[in-house]
Amino acid sequence: MSTLTVCAPLRVEARALRRGLDAAQGTDQATVVRTGYGPARAAAAAARIAAAGPQALAVAGVAGALTDDLRVGDIVIATQVTAEDSIVGATSVGCPSAPLLVGELRRAGLTARAGRIATVAHLVRHGQHAALAASGAIAVDMESAPLLAGAAGGPAVVLRAISDTPAHPIASPAIVTGGLAALRSLRAAAPVLAQWAAAAGPRQVLLASPRSFCAGVERAIEIVELALEQHGAPVYVRKQIVHNATVVAELERAGAIFVDELSEVPDGANVVFSAHGVSPEVRLEADRRGLEPIDATCPLVAKVHAEARRYAADGYLVALIGHAGHEETEGTMGEAPASMALVENPADVAALRPADPDKVAYLMQTTLAADEASAVVDAITERFPTATGPGTADICYATTNRQQAVRAIAARSDLVLVAGSAGCRLATSAGVSTRAVEAGASPIVPSVSSCPACPISATR
Ligand code: SF4
């Protein structure tokens, strides 16, 4: 863990922070320094601390709220700290990690907000709050700006617990209960500062390999590019070729038009079918409409379609293991709708009604997680011991390899981040967008799941 210096202006603040750190595990490299009241003492303390060189530094203490929506005991993490011109040695500093820290504090059960903090030279009296709030600050103190110089270029953060508000200012009797509430919050927040220091230190980033698009999706993208080269714009593409906003926008700029259904394609136009494949009904509609289809169906998906046709022709009831509403399952089910049933989980197996219990086959969506699919296969073979199928061989190598890569790095990581477009359901469901982190979403834990919408699987 990285060394952390916590600057607390007042003795009671320092005591609350020490108690909070002592009660938590793994905080032995955090030191609480009492730095003194007011900007002059803060500047002197910062100079002494900075002499030790760059370090992770947290300024923590109580503060006054400038807005009516903050309550005593709430925590404010500074996104920026500004100072009155008269304060010597003060710096105006931005704190980019504020939203992440707010997320951690919320997970710890505290009410926390990110916002600007103003450092002033004198106590804020009744009636002065509005003028400071007009500058964009949400809380005010008398030490943070000069103390930040103590970081000497290292990572720094300001955490303040609200002790007084515009309705109950510092000179009112309510300051006693407000101060106690703020000290309780400081104590509870102290371990989170140690976590922040650990994250702010040197980190090793592991890249999963393989990652990114599978061969089937890359092939489909190339087919769209070739179609644009050969036929010119526009080329229509049924369904998103990949759930990646950058790739889709680039293809749109080149003249591709993405549609959900063939009804949106003008008669006689060129239309690409995506890697997930389409049902025979879609192909027939394209024929009827005089469209010029270009088939980018992945060969591995086409193989599953062929198996569905073969089993159906041989009189089998085909259980397709997959997700309802996924483009691939819709396409595969369309190969023999009268002979197929979608099975999403082991419980669905009880609903299968084969004409002959000895003629049951199963197939699966190519992008499932192997362990997820195995549980369903077990349920099918338990109920129909003669059931035939590919095991989990229909799950394509691209999906399996990515799942294995994610499992391998998840076991060696504290956090797995999925870099993806906002529209990617995997990224959204994994809770990894900045907004999700801000809102206190659960950290990612190592269990592998397949994306219901695209061929990428990851840890969440
Ligand atoms: S995930 Fe596999 S089956 Fe699906 S498109 Fe990619 S390579 Fe083809």
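Trainee: Where is Val 265 found?

Mentor: This is a predicted model, in which local features need pLDDT of at least 70, side-chain atom pairs count only at pLDDT 80 or more, and totals for chains, interfaces and linings use all residues. Residues are numbered from 1 along each chain as its sequence is written, and side-chain values use heavy atoms, with hydrogens and water left out. Helices (H or I, at least four residues) and strands (E, at least two) are DSSP runs, numbered from the N terminus. On that basis, Val 265 is found in the loop between β10 (256-259) and β11 (270-273).

Trainee: Is Val 265 buried or exposed?

Mentor: Buried means under 20% relative accessible area, exposed over 50%, and partly exposed in between, with a 1.4 Å probe and protein chains only. Val 265 has a relative accessible area of 1%, so it is buried.

Trainee: Which residues does Val 265 touch?

Mentor: A contact means heavy atoms within 4.5 Å. Leaving out residues up to four places away in sequence, Val 265 touches Tyr 236, Val 259, Val 271, Arg 289 and Leu 291. Of these, Leu 291 is 26 residues from Val 265 in sequence, while their C-alpha atoms are 8.3 Å apart in space.

Trainee: How do these ideas apply to the whole protein chain?

Mentor: The protein chain has 15 helices and 17 strands. Buried residues make up 50% of its 460 residues. Among contacts with a separation of 6 or more, 72% are between residues 24 or more positions apart. Accessible areas come from the Shrake-Rupley method with a 1.4 Å probe, and for residues only the protein chains shown count as cover. The protein chain exposes about 21,100 Å², and carbon and sulfur atoms supply 54% of that area.

Trainee: Which side chain has a polar contact with that of Thr 366?

Mentor: A polar contact is a pair of N or O atoms within 3.5 Å; within protein, one must be able to donate a hydrogen and the other to accept it, and residues adjacent in sequence count only if both atoms are side-chain atoms. The side chain of Thr 366 is joined to that of Glu 328 by such a contact of 2.7 Å. Thr 366 lies in the loop between β15 (360-364) and α12 (370-383), and it counts as buried because its relative accessibility is 5%. Beyond four places in sequence, Thr 366 touches residues including Leu 300, Val 304, Asp 394 and Cys 396.

Trainee: Which residues of helix α3 are buried?

Mentor: An α-helix has 3.6 residues a turn, so residues three or four places apart point the same way. In helix α3 (residues 98-107), the buried residues are Ala 98, Leu 101, Val 102, Gly 103 and Leu 105. Just after α3, Gly 109 takes a positive phi of about 95 degrees.

Trainee: Where is Val 176, and is it buried or exposed?

Mentor: Val 176 has its place in helix α6. Its relative accessibility is 54%, so Val 176 counts as exposed.
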